[in-house]
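Subject: Structure handover

Hi there,

Here is the structure I promised to pass on to you. Have a look at it first, and then read on for what turned up.

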2 protein chains.
Amino acid sequence: MKNTSYTISELATEYEITPRTIRLYEEQGILSPQREGRRRIYSERDRVRLRLTMRVRRLGMSLAEARELIDMYSNPQDEEHQLHTLLERLQAHRDRLLAQHRDIELTLTEIGRVHEQAQQALSRLRQERG
Amino acid sequence: MKNTSYTISELATEYEITPRTIRLYEEQGILSPQREGRRRIYSERDRVRLRLTMRVRRLGMSLAEARELIDMYSNPQDEEHQLHTLLERLQAHRDRLLAQHRDIELTLTEIGRVHEQAQQALSRLRQERG
DNA sequence: ATTTACGCTTACGTTAACATCAGTTATTTT
DNA sequence: AAAATAACTGATGTTAACGTAAGCGTAAAT
């Protein structure tokens, strides 16, 4: 059984963020560590949710969006209506990610173009100097 | 010849942003429209730079990063040292974009998993209700 | 000739996502 | 026992990226 638990500074070190940030994520409802007195004890689940949060934050999502998405990962709905809106929200996130995917490819193409030009300019310089 | 020019509100409408935002981008050195009296006149080049800015902003880049990257697109360097740092910066941007690319794929995989589960739960509900 | 529309500058307001600090408690380490 | 270490709760500060509003100029439409 994974019965591992973590302190706030362990997680902070692992993900290279400050404890302040981790507490903020709790305020935002993303994490919900247990307490041992006043101290926070983070479970493996908390750690996973933190990792997922960092991942989508790198993609420019807000904390609110991050929370929504991550909550959907583990939210077993029972009503048909709820399942429907879940599917819709998932599709919305997917659409956005696909758009970003395209944006990345376009940007990489541009970078590749400039990179090549720079390489050529560099070899020309070395030729002349030769 | 593309001698087209645009007013601020034309660009604002096209890219669904406010004039305020466009003026801000000028302050940040991303755009540099000509003036006709006090009025700003945007060239095709400005428009392209605005489009590129919007693109990388969707990827979560800051305006400073956007400016740096977009400036590199059109900056013909002449010194070897400058070409080297240009190549380095390009590679840094590329690395970051590739990391984002992976993050997107991971997130899409998760979403796909949840999406399937939800679909299945939905068909089960409909089966029962029959 | 005067509304109306568009644009300008200047300045203050706002929100998100933290950082920083002060003061306190609790727990190790020496 | 004393001191260092880690964590806690407020509270205030900071930065980026805008939004909003006031007051003014200019040009086009009625």
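Two strands count as paired here if DSSP finds at least two bridges between them, and helices (H or I, at least four residues) and strands (E, at least two) are DSSP runs, numbered from the N terminus. Please keep in mind that this is a predicted model, in which local features need pLDDT of at least 70 and side-chain atom pairs count only at pLDDT 80 or more, while totals for chains, interfaces and linings use all residues; side-chain values use heavy atoms, with hydrogens and water left out. Residues are numbered from 1 along each chain as its sequence is written, and chains are lettered from A and ligands numbered from 1 in the order in which they are written.

Let me begin with the sheets. In chain A, an open sheet of 3 strands has the order E1-E3-E2, with antiparallel pairing. Strand E1 (5–6) and strand E2 (34–36) of chain A are at the edges with a single partner strand each, so one side of each has no neighbour in the sheet. E1(A) and strand E3 (residues 39–43) of chain A run antiparallel and are joined by 2 bridges; A:Tyr6 has A:Tyr42 as its bridge partner in E3(A). Helix H3 (residues 44–58) of chain A lies across E1 and E3 of chain A, at about 80 degrees to E3(A). For that angle, axes are lines fitted to C-alpha atoms, for helices over the stretch in contact, and angles run from 0 to 180 degrees between N-to-C directions. Contact, here and below, means heavy atoms within 4.5 Å.

Chain B also has an open sheet of 3 strands in the order E1-E3-E2, paired antiparallel. Its E1(B) pairs with strand E3 (residues 39–43) of chain B over 2 bridges, and B:Ser5 stands opposite B:Ser43 in E3(B).

How are the two copies related?

Next, the interior. A nonpolar core is a set of buried Ala, Val, Leu, Ile, Met, Phe, Trp, Tyr and Cys residues joined through side-chain atoms within 4.5 Å, where buried means under 20% relative accessible area, exposed over 50% and partly exposed in between (1.4 Å probe, protein chains only). The largest such core has 42 residues, and A:Leu69, A:Leu97, B:Leu69 and B:Leu97 have the most contacts inside it. Beyond its neighbours within four places in sequence, A:Leu97 is in contact with residues including A:Leu59, A:Met61 and B:Ile104.

A:Leu52, in helix H3 of chain A, has 13% relative accessibility and so counts as buried; neighbours within four places aside, A:Leu52 is in contact with A:Ile70 and A:Tyr73. B:Asp103 is in helix H5 of chain B and counts as buried because its relative accessibility is 5%. Not counting residues up to four places away in sequence, B:Asp103 touches A:Arg55, A:Arg58 and A:Leu59.

Best wishes
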